[in-house]
Amino acid sequence: IHGGASTTSDIDTFERIPDHLVEAARRAEAELGIEAPMSRSVAADLPSEYDSRLQRYLPGLVWLEIWVVERHDLVLSKVVRGAEHDDQQVEQLHAAQPLDRKTLLDRFRMEMGYAVGSPDRLRTNLLQLIERLYGELERVRADRELPRP
């Protein structure tokens, strides 16, 4: 969706999945011969205002609305976990269409204060990602710009 080369094999939601939607997905899987398991993500943290930036995907669909998380919000959700696989996906996303460093830092500063986990670890994860995407000099600059927990 956002230009990454790797794909996912499931559909994560942030809301409870109604029974009728689960059943419709099962019928679609059977008819198309694919598997696309849906589950409610219980371990994801997104910026606090992410829902105001959701984007409609495939707006031409008549019977189904698909909304996706904006790119910078998706990246910040991956910073919470800080897994290598997530960082690789972020690099692919950034290579396809560069992320705005200022947007990442501003949203982290203003909207990620509630995220689960050690504030020091979250800050370190973001700084490592900034270095990976923009280089060591930008990491040093970001370190100065971000408040210390």
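## Basis

This is a predicted model, in which local features need pLDDT of at least 70, side-chain atom pairs count only at pLDDT 80 or more, and totals for chains, interfaces and linings use all residues. Residues are numbered from 1 along each chain as its sequence is written, and side-chain values use heavy atoms, with hydrogens and water left out.

## Helix H1

Helix H1 covers residues 19-32. Helices here are DSSP runs of H or I with at least four residues, numbered from the N terminus. The 14 residues of H1 should span 20 Å at 1.5 Å a residue, and the end C-alpha atoms are 20 Å apart, which agrees; the expected span is 1.5 Å times one less than the number of residues.

H1 is hardly covered, with one buried residue among its 14. Buried means under 20% relative accessible area, found with a 1.4 Å probe on protein chains only. Gly-33 follows H1 and has a positive phi, near 70°.

## His-94 in helix H3

His-94 lies in helix H3, residues 84-96. His-94 has a relative accessible area of 14% and is therefore buried.

The side chain of His-94 reaches the backbone nitrogen of Leu-99 at 2.9 Å. Leaving aside neighbours within four places in sequence, His-94 is in contact (heavy atoms within 4.5 Å) with Leu-99, Leu-133 and Tyr-134.

## The second largest pocket

The second largest pocket has a volume of about 200 Å³. On a 1 Å grid over the protein atoms alone, a pocket is an open set of points with protein on both sides within 12 Å along at least five of seven lines, and lining residues have an atom within 4 Å of a point. A volume is the space filled by probe spheres set on the points, which are joined across faces, edges and corners.

Helix H4 (101-111) and helix H5 (119-134) are the elements that give two or more residues to this lining. H5 gives the most, with three residues. The lining includes Phe-108, Met-112, Leu-122 and Arg-123. By class, the lining has seven nonpolar, one polar and two charged residues. Ala, Val, Leu, Ile, Met, Phe, Trp, Tyr, Cys and Pro count as nonpolar, Asp, Glu, Lys and Arg as charged, and the others, Gly among them, as polar.

## The cavity

The structure holds one cavity of 30 Å³ or more. A cavity is a set of grid points where a 1.4 Å probe fits but cannot get out. The largest cavity has a volume of about 30 Å³, and Val-79, Gly-82, Asp-87, Asn-125 and Gln-128 line it. The lining of the largest cavity has one nonpolar, three polar and one charged residues.

How values were computed:
Buried < 20%, exposed > 50% of the residue type's maximum accessible area, 1.4 Å probe, protein only. Polar contact = N/O pair within 3.5 Å; in protein donor to acceptor, adjacent residues only side chain to side chain.
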